[in-house]
Amino acid sequence: MKIEGVLIVDPIDGEYIGNVYIEDGKITDVELSDKKTSFILMPGFIDIHTHGAVGVDFLKSKDWKKVENFFYSQGVTTFFPTSVSTSPEEMKGFLESADEKRMYAHLEGPYISLDKKGAQNPKYIKEATLSEVKELLKHNSLKTITLAPEVNDPKIIEELEKKGVRVSLGHSNAKYSETMEAYRAGSRRITHFPNALRSLHHREIGITGAGLLEDFYLELISDGVHVSKEMIRLIYKIKGCDRIILITDSISATGLEDGEYELGGLKVFVNDGIARLENGTLAGSTLTFSKALKNFKKFTNCNLKCLSKVSSYNAATHMKLHGKGRISKEFDADLVILDQGLSVIEVYKNGEKIFQNS
Ligand code: FE
């Protein structure tokens with residue numbers, strides 16, 4: 001198969017008009033073309049932090065197929081079903097589902113800080129034990145976990161990282177020194193920065209300051225609600241394109257009308273697309289990846305090469321997803337065709353067309 005005459009955007013080679021050859025789900029060749037085109041080809045988007053969409057909550061429902069199709073329509077070809085703090089039984093069931101479906105799972109909690117619980121259910125929040133973590137490590141799907149460094153032994157982080165599970169710091173009130181202890185233990189990412197984190201203070205820059213100053217990847221919800229437009233510009237100015245990972249943090253209400261929903265056993269009210277608990281705390285988002293991309297471009301005025309980094313390449317690199325995140329020989333043919341306004345036109349996964357905007 002051949003995708004002809006498109007503006008290819010690769011996170012390393014940059015932008016050029018060309019043709020892409022695909023065989024057996026892989027890109028076999030790319031070549032330059034002198035055609036004129038108005039279509040953009042980018043690596044399929046990767047969302048490493050989503051709790052669900054279109055009425056499906058990954059913790060509560062097994063109908064993940066429905067979400068998959070919705071995500072495809074947004075240009076997302078790889079996503080990580082994400083939990084919230086819940087009972088050990090429900091967490092186990094979630095990981096078993098992900099194992100079965102051969103998907104990557106993200107556990108957000110329960111090993112987080114009560115002080116920065118956000119919309120997580122305090123009932124289930126606790127400190128990790130090594131024996132518990134060893135049980136979790138039996139699940140092949142477990143690819144990443146969000147925990148608070150100040151409430152857990154750094155040895156837990158070391159153990160997880162050693163076994164190939166990426167540890168992201170989040171829902172945390174950590175000071176700078178506590179954050180850096182986790183960095184030395186192998187953690188290189190911060191969850192939905194700077195939401196549910198200790199704020200930056202000029203005498204104690206904390207985990208937020210560490211995120212900006214040190215070599216962490218930062219997950220970012222670019223909806224303009226969780227993080228203001230100016231803050232997104234500031235993060236972009238400091239971190240550049242190489243350390244930002246766009247996420248949606250979407251919940252089951254995504255793609256649906258305003259109304260009453262649930263997250264981790266807590267009631268969530270969605271008004272004008274903004275999801276909050278009864279007390280006003282933001283509870284995930286109803287952001288789509290396609291919208292996140294458009295917002296980020298609008299807020300930062302970055303180029304397309306940069307967009308391909310924050311939407312796929314950085315996530316693929318950090319998570320060690322070999323074969324993903326580039327438009328280059330031998331990479332998976334996970335691709336999205338966009339128009340000039342960055343709206344999704346066509347989506348391919350392993351060389352197969354999985355979405356067409358009619
Ligand atoms: Fe969260």
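## A buried serine

A contact here means heavy atoms within 4.5 Å. Ser285 sits in the loop between strand S17 (274-276) and helix H8 (289-300). Helices (H or I, at least four residues) and strands (E, at least two) are DSSP runs, numbered from the N terminus.

Is Ser285 buried or exposed? Ser285 is buried, with a relative accessible area of 2%. Buried means under 20% relative accessible area, exposed over 50%, and partly exposed in between (1.4 Å probe, protein chains only). A polar atom of the Ser285 side chain lies 2.5 Å from the backbone oxygen of Thr248.

## What kind of model this is

This is a predicted model: local features need pLDDT of at least 70, side-chain atom pairs count only at pLDDT 80 or more, and totals for chains, interfaces and linings use all residues. Residues are numbered from 1 along each chain as its sequence is written, and side-chain values use heavy atoms, with hydrogens and water left out.

The pLDDT is the predictor's confidence in each residue, from 0 to 100. The chain averages 97, and 100% of the residues score at least 70. Among the elements of the chain, strand S15 (residues 259-263) has the lowest mean pLDDT, 93, while strand S12 (residues 189-190) has the highest, 99.

## The parallel sheet

Six strands make an open sheet with parallel pairing, in the order S9-S10-S11-S12-S13-S14. Two strands pair if DSSP finds at least two bridges between them. Strand S9 (105-108) and strand S14 (244-247) are the edge strands, each pairing on one side only. S9 and S10 run parallel over 4 bridges, with Ala105 opposite Leu142 in S10. Strand S10 (residues 142-147) is largely enclosed by the rest of the structure, because 6 of its 6 residues are buried.

Glu219 stands opposite Ile245 in S14, and Leu220 stands opposite Leu246. Both faces of S14 are covered: Ile244 and Leu246 are buried on one side, Ile245 and Ile247 on the other.

## Helices across the strands

Helix H7 (residues 229-239) lies across S13 and S14, at about 160 degrees to S13. Axes are lines fitted to C-alpha atoms, for helices over the stretch in contact, and angles run from 0 to 180 degrees between N-to-C directions. Helix H9 (residues 304-318) lies across strand S11 (166-169), S12, S13 and S14, at about 110 degrees to S14.

H7 also packs against H8 at an angle of about 75 degrees, with their axes 9 Å apart. The two helices, H7 and H8, are therefore roughly perpendicular to each other (angles of 65 to 115 degrees count as such, under 35 as roughly parallel, over 145 as roughly antiparallel and the rest as oblique). Lys229, Ile232, Arg233 and Tyr236 of H7 meet Phe296, Phe299 and Thr300 of H8 in this contact.

## The mixed sheet

There's another open sheet, with 7 strands in the order S3-S2-S1-S4-S18-S19-S20 and mixed pairing. Strand S3 (26-32) and strand S20 (352-356) stand at the edges with a single partner strand each, so one side of each has no neighbour in the sheet. Neighbouring strands of this sheet are turned by 35 degrees against each other on average, direction ignored.

Strand S18 (residues 335-338) and strand S19 (residues 344-349) pair in the antiparallel sense over 4 bridges. Val344 in S19 is the bridge partner of Leu338.

Key: Polar contact = N/O pair within 3.5 Å; in protein donor to acceptor, adjacent residues only side chain to side chain.
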